[in-house]
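Have the viewer open as you read.

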Amino acid sequence: MNLVLAAFGFLLLGAFLSLFLAKHIKILRIAGPVSVVLGCCAGIIPAIISIIRGISESLCISWQIPFGSFSIEMDPLSALFSIAILFISSLSAIFGSGYLRHYEDTKNIGIHWFFFNLLVASMLMVVLARNAVLFLLAWEIMSLSSFFLVVFEHEKAAVRRAGWTYFIATHIGTAFLFVMFLLLGRKGGSLDFASFHLVDGTGTVACVVFLFAIIGFGTKAGFMPFHIWLPEAHPAAPSHVSAVMSGVMIKTGIYGLVRILTFLEMPPPWWGWILVIIGVVSGICGVLFALAQHDFKRLLAYHSVENIGIIALGLGIGLLGVSYDNPGMAFLGFAGGLLHVVNHAVFKSLLFLSAGAVLYSTGSREIDHLGGLMKKMPYTATAFLVGSVAICGLPPLNGFISEFMIYVGSFEGVLQDYMTEGPAVGGIITVASLALIGGLAIACFTKAFGIIFLGESRSQHCDHAHEVNMAMKIPMLVLMTACVLMGLWGSIIFDVMPGVTGLLTKTVIGGTGDDFFHSYKSILLNVTFFALALIVVIVLFVYLRSRLMSRKHQANAVTWDCGYLAPTAKMQYTASSFAQPITRLFQTFLRTTRRISAPDGLFPKSASFSSETNDFYREQVYKPTFNAMGSWLSKFRQIQHGRLNLYIMYVVLALVVLFVWKLR
Amino acid sequence: MDISRYMAVPLGLIMAPFLLGVINRTKAFFAGRDGSPLLQAYFDIWKLLKKDAVYSRTTTWIFRMAPVIGLAAVIIAMTLVPVAGSSLFTFRGDLIFFAYCFGLMRFFTVVAALDTGSSFEGMGASREVHFSTLAEPALLLGLIALSKLAGSFSLSGMFGGLSGSDWMGAGPAIALVAIAIFIVFLAENSRIPVDDPNTHLELTMIHEVMILDYSGPDLGIVLYAASLKLWVLGALIVNIFVCAAGLTGAVGLAVFAGGMFLLAVIVGIVESMMARLSLLKVPQFLIGAGSMAVLALILVLRFVK
Amino acid sequence: MTLLMDSILVLLIIAGFLLLSSSRLSNCIKIGAFQGLMVGFLPIVASGSGITYRIATIALVIAGMKGFVFPYLLSQTLRESNTIKEIKPYIGYTASIFFGVLSLVASFWLDSRLSFSVAASSRLVIPVAFSMMMTGLFMIVARKTAVNQVIGYLVMENGIYSFGLAIVRDVPLLVELGVLMDMFMAVFVMGIAIYRINREFDHIDSDQLNTLKG
């Protein structure tokens, strides 16, 4: 626990140091990221110890705040999230030190590092806190510091708009959390998490708590109807901040939901169904919207929605398993979902960092402006390729392992003999949607990688593109290695999962012993074996091919142009045209608007085509709702006169009314 | 048991290009021609491997590595596919690994097509991801129906668990699965009515246009990998029938080989009799396959306990 | 007999899917004829005990009507109306197939909720009947040409007929004849209507009928 406190110490020290050193750019360049890295190193050690040994360590200091106590604990569940948070944050900080070189003359970097340190500290506190007041305090600091990081380039109107969207969304979510914790506190008698363990899942309170947790934490995590802030905020933020926010900060929402689930026993089946439905909707719609985007950071943001959907599918399968008393389904659902949290953190931050490198080097976020960057930025391109293969869930990289566990959990449900078809139907829905999501993800990332990095460059943005500096390369290298290693070491990582999911599955796996886990471990050993075999066979074939080719003459020519004499780079397929068949098929959900000015006459001068896909929920749900609310609330404008004495009168009146109501 | 287990992979590796020959011979027969030799695909591959290569200046190492990665993925998938009830390797959930190996192959084929910067190849790549997105759920739904029926979710357990009595009890469901997988098989291998392997116009091709810029040994590898894919996915269909008949061992192996031959003839007949669907109709065709798989699943869930 | 009956019922569902996905009207008529023929043969395989002359007669008459007479009448009108395809239906073909799958799932769910006592040799017949009724109704709602609407009506009738077959142990001849008569009149009237619409408007797009309202 001392090391955890040291971590907080480093982070806060770094935060305030960088605030005061704002003028000394040279020191700041080092001090800001170094404090994050030191803090993360200090924090990650106890987390690793806890998760490997399966032990929990706690610390409780009484506090002056009413109902609050400084009570923190590192158990395997918290440790899993802590490791992801600290690992990704430290790498993003190193990347940020290189990325921010562009902004050193125009921006106050000190404030940026202040909030960055604060964000990391508050995320760590969120997953460690064991008291509702402390939790909400950390939650709020996390939301605010990330808000300030998002509006880093606040001189742009689009960034300000994105910031406000995020600010409002996250606070609406927090409001639900307040109510939820108050309900739990009333039931348990105290706001310490330890007292929440009494709540029975069948009661009304538990159902309300569950629903509010879905809304409150779902807003942070990006469940589909509540996701609208993600595609706004992620493109607006600097890339290393997007990597932290998309990679780990939204996962605190998942953590919160899972932590609440550990308090509630005997979940009714409809809880699992809700999560499965949310997972299907977020997963499929998320990847569809991603496919329709032209801005690559927006595309990645929608992919976070998709992956949160996959995580929700895993948790839903797990909950169904608990409800229907199917240990295999329960364990693999939760384990797959939670492992996907870590895997997604790794490959999504890798993607955001390499996208940041492209943005840094070319200055454009439009996919259709780029092209051919593989030759100019081979390192970044490889990083993006590894991230793409991993996010598509393809073997032998890490994305496959967690999706595979969810698949196997679903199959356990399909094959279970039970009175109702519940588990089977849940399993079938999950398998079918995961397959569809997988196919669409491949479409989306072949598009992103292929159009950005391959072919010929489509505009002058790429002319001066160059490989990025060392501070930006190293984090990408580390994350690439992590993607490969976690893909190959699935069976080793598996060993910690029983400890992590222990609190969630205790009712169904109580009696079953080591044999239970061992049977699944042997499956993952097989996966490891086949992933290795795949790599070995690929290496072997590459070697054989190079032997074969070394004896041959290799000529170079232009790409086959069908006999056309003047092919230009403009004739290449673009991101929009690549995605068009699929977006047309799903037009009902996407509502892509197109503007075409067709070529006209015998010698057409100009023609243009553009398409735009706005967020369905933003346009059709939230905008009308908020507009209606705004026009209704504007009626109350008349009590706002701008006269101070009247305002004081309002305050006094309100106090008197409250006083009378209490004494009545 | 053991013979079919150890022979599964060598048989596929050796026999796969033969299927292409059978298909072409069948088509030639229906067109009233003599047709190319049955072993033509072997000659093609051998000749291509001996040739020199030409590369586009636009391409990068992705373009050169993609065929090799595809070949590796399909061979790994092949070790999991049972022949007459037993496969070289098997583990629970291997059907997911199997399906995702093809995902890996597709990812690199598509990316390599985009690597050339050609608009035709981009077009082919776009169609490929479009259609396979719809084919994948159909394949997995069909496999779930079989696994529920056989009570196992490894490929060899699932086919090995089928028996003649399943055909009596759930015949329509199994037939539906076979049809659904057959449609997926046609789509994934770019056969008529989804794609025409013999078309001569870049604008209308799917798989052929993606590999337009390959030459020499790389084209040979692509051809061989494609024939292996035809074999592996075809093996799923043939297994449904061979395993349900309860044939194993050497007899099963022989019947299986005969079944593959028959399948190739059927593909040839389909290609001779049908026209290619318009590209707008292909999604409906694939969604139709998915619907049949769903129907099969419902039948299995509801009426076979 | 169960296997045979199951196969026929599955073919009925597949015919429904095909109807939902095909735009060419002559194909729709053919598929409708095929479905009618299959439904006509249902009584023969449905009765577990042997085949009596009465059942055979009924089956033959119905199969003949649904499989040959109605389709013939429809294709006659189609030929006179010079229409080949349904262009721009209210609900697209891909979405229609999705609806088909959904209605199938819904019918099986409905069946598990209602739990009828089934007289026929396969339990599958009730959900299939529901699914055919829904498919027919859907076609009436979602398609514009009158021919397709008539086919939708026929599909719905097929559903009702199979439902009756499953519930009632023995088909009373008189009722059956009454139903057939009803159908015959319906197709006849629709045929005349299509013919008239076509003569007035040069096409059979029923969407244009609302120009008639004052």
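1. First, a term: a cavity is a set of points on a 1 Å grid over the protein atoms alone where a 1.4 Å probe fits but cannot get out, and its lining residues have an atom within 4 Å of a point. A volume is the space filled by probe spheres set on the points, which are joined across faces, edges and corners. The largest cavity here has a volume of about 130 Å³. Among its 14 lining residues, A:Leu261, A:Leu264, A:Glu265, A:Pro267 and A:Leu504 are the closest to the centre.

2. Please keep in mind that this is a predicted model, where local features need pLDDT of at least 70, side-chain atom pairs count only at pLDDT 80 or more, and totals for chains, interfaces and linings use all residues. Residues are numbered from 1 along each chain as its sequence is written.

3. Which element gives the largest share of the lining of the largest cavity? That is H20(A), with four residues; helices are DSSP runs (H or I, at least four residues), numbered from the N terminus.

4. Now to chains C and B. Their contact (heavy atoms within 4.5 Å) takes 22 residues from chain C and 15 residues from chain B. The area buried between them, meaning accessible area (1.4 Å probe) lost on being put together and summed over both, is about 1600 Å², with 79% from carbon and sulfur atoms.

5. How many salt bridges (a side-chain nitrogen of Lys or Arg within 4 Å of a carboxyl oxygen of Asp or Glu) does the rule find across the interface of chain C and chain B? The rule finds zero.

Terms used:
Chains lettered and ligands numbered in written order. Heavy atoms only, no water. 1 Å grid on protein atoms, 1.4 Å probe; cavity = no way out; pocket = protein on both sides within 12 Å on 5 of 7 lines; lining within 4 Å. Helix = DSSP H or I, 4+ residues; strand = E, 2+ residues; numbered from the N terminus. Buried area = accessible area lost by both parts, 1.4 Å probe.
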